[in-house]
Amino acid sequence: LEELSRANGDPTLQIVDTGEPGYAQRASEIFHRDGYVAVGPSMTPAQLTALQTKAFAVAANIVSLDRHGGQKGVGRFMFGGPCSFSGSQMHEPEFAMMADLPVVDEVLTAIWGGNTGFHCTGSGGDIAMPGSEYQPLHSDSSTAPHKPVHDTAGRVVDFVLEDPQLEWSERDRPCSSIVVDFAAVDLTWENGPIRFVKGTQNSHATIPSLADEPHTWKTATVCPAPA
């Protein structure tokens with residue numbers, strides 16, 4: 001705990017203020033540089049309170065049904081995935097609300113160069129209980145050689161192999177999907193804040209195991225940051 005209190009968090013973390021003019025373009029620049037960006041606030045106080053109330057209730061129900069000590073490691077659970085019959089929480093209005101926030105729309109539109117044709121595919125999230133363990137690093141993109149298959153409406157419905165020699169991958173393409181994480185509580189050095197390793201979004205290097213990660217990667221967390 002002493003080490004975490006001293007080193008956990010990113011001292012260079014920039015939180016783009018959505019009250020400032022040009023915030024969406026600034027967020028886009030940071031996103032393309034680092035692979036992620038912290039932005040806030042995105043909700044009204046009433047929306048945040050509603051989300052917190054619902055999230056705490058859903059989390060309590062998920063944890064109460066657990067028989068294994070965690071779903072993503074000790075003390076770690078998901079709002080979506082196998083913890084929901086639909087794999088999502090979009091049936092809850094408080095979660096669905098996050099898919100239609102003006103701040104999110106503006107930032108995503110800026111990142112995608114003015115393209116407004118994107119759509120939401122679900123709403124999940126992570127739960128870190130007291131005493132939870134580190135979640136090993138992973139990537140939401142793939143280094144597998146594949147290309148998207150679209151339906152008649154232009155939606156991506158599948159991926160097929162295209163380059164067996166692994167000469168290029170999804171990480172060599174312009175970003176095609178973005179995960180938007182919302183902090184339901186203030187992120188601090190001690191409550192399991194999410195972590196990102198800056199500049200690795202286009203890397204083809206194998207992601208190291210938790211035991212082999214550099215110490216600086218283990219403390220590359222998004223904190224302090226307000227809900």
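## Salt bridges

Seven salt bridges are counted in this predicted model. Side chains of opposite charge can pair when their charged atoms come close.

Arginine 26 and glutamate 29 form a salt bridge in which the closest N and O atoms are 3.4 Å apart. Both belong to helix α2, which spans residues 23-34, and because they are three residues apart there, about one helical turn separates them. Glutamate 29 is partly exposed, at 42% relative accessible area. Arginine 26 is also in the partly exposed class, with 34%. Arginine 33 and aspartate 34 make another salt bridge through their side chains, with an N to O distance of 2.8 Å. The two partners fall on either side of the burial cut-off, which is set at 20% relative accessible area: aspartate 34 is buried at 9%, whereas arginine 33 is partly exposed at 45%.

Lysine 72 and aspartate 126 are joined by a salt bridge whose closest N and O atoms lie 2.6 Å apart. Aspartate 126 is in strand β4 (residues 126-128), while lysine 72 is in the loop between α3 (45-64) and β3 (76-78); the pair therefore ties together parts that are 54 residues apart in sequence. Aspartate 126 has a relative accessibility of 44% and so counts as partly exposed.

## Surroundings of glutamine 14

Glutamine 14 sits in the loop that runs between α1 (2-7) and β1 (15-17). With 34% relative accessibility, glutamine 14 is partly exposed. Leaving aside residues up to four places away in sequence, the residues touched by glutamine 14 are Arg26, Ile30, Arg33 and Ala38.

With arginine 33, the contact of glutamine 14 is polar and runs from side chain to side chain, at 3.0 Å.

## Aromatic pairs

A pair of aromatic rings is described by the distance of the centres and the angle of the planes. There are three aromatic pairs in the structure. One of them joins tyrosine 36 and phenylalanine 196, whose rings are stacked, with 4.6 Å from centre to centre and 20 degrees between the planes. Tyrosine 36 is in the loop between α2 and β2 (38-40), and phenylalanine 196 is in the loop between β6 (156-161) and α6 (215-218), so this pair ties together parts that are 160 residues apart in sequence. Tyrosine 36 is buried, at 11% relative accessible area, whereas phenylalanine 196 is partly exposed, at 28%.

Another pair consists of tryptophan 112 and phenylalanine 118, and its geometry is tilted: the centres are 5.4 Å apart and the planes make an angle of 35 degrees. Tryptophan 112 is partly exposed, with a relative accessible area of 24%. For phenylalanine 118 the value is 24%, and this residue is partly exposed.

Conventions. Residues are numbered from 1 along each chain as its sequence is written. This is a predicted model: local features need pLDDT of at least 70, side-chain atom pairs count only at pLDDT 80 or more; totals for chains, interfaces and linings use all residues. Side-chain values use heavy atoms; hydrogens and water are left out. A salt bridge is a side-chain nitrogen of Lys or Arg within 4 Å of a carboxyl oxygen of Asp or Glu. Helices (H or I, at least four residues) and strands (E, at least two) are DSSP runs, numbered from the N terminus. Buried means under 20% relative accessible area, exposed over 50%, partly exposed in between (1.4 Å probe, protein chains only). Contact means heavy atoms within 4.5 Å. A polar contact is a pair of N or O atoms within 3.5 Å; within protein, one must be able to donate a hydrogen and the other to accept it, and residues adjacent in sequence count only if both atoms are side-chain atoms. Rings of Phe, Tyr and Trp (its six-membered ring) pair if their centres lie within 6.5 Å; planes under 30 degrees apart count as stacked, over 60 as edge-to-face and the rest as tilted.
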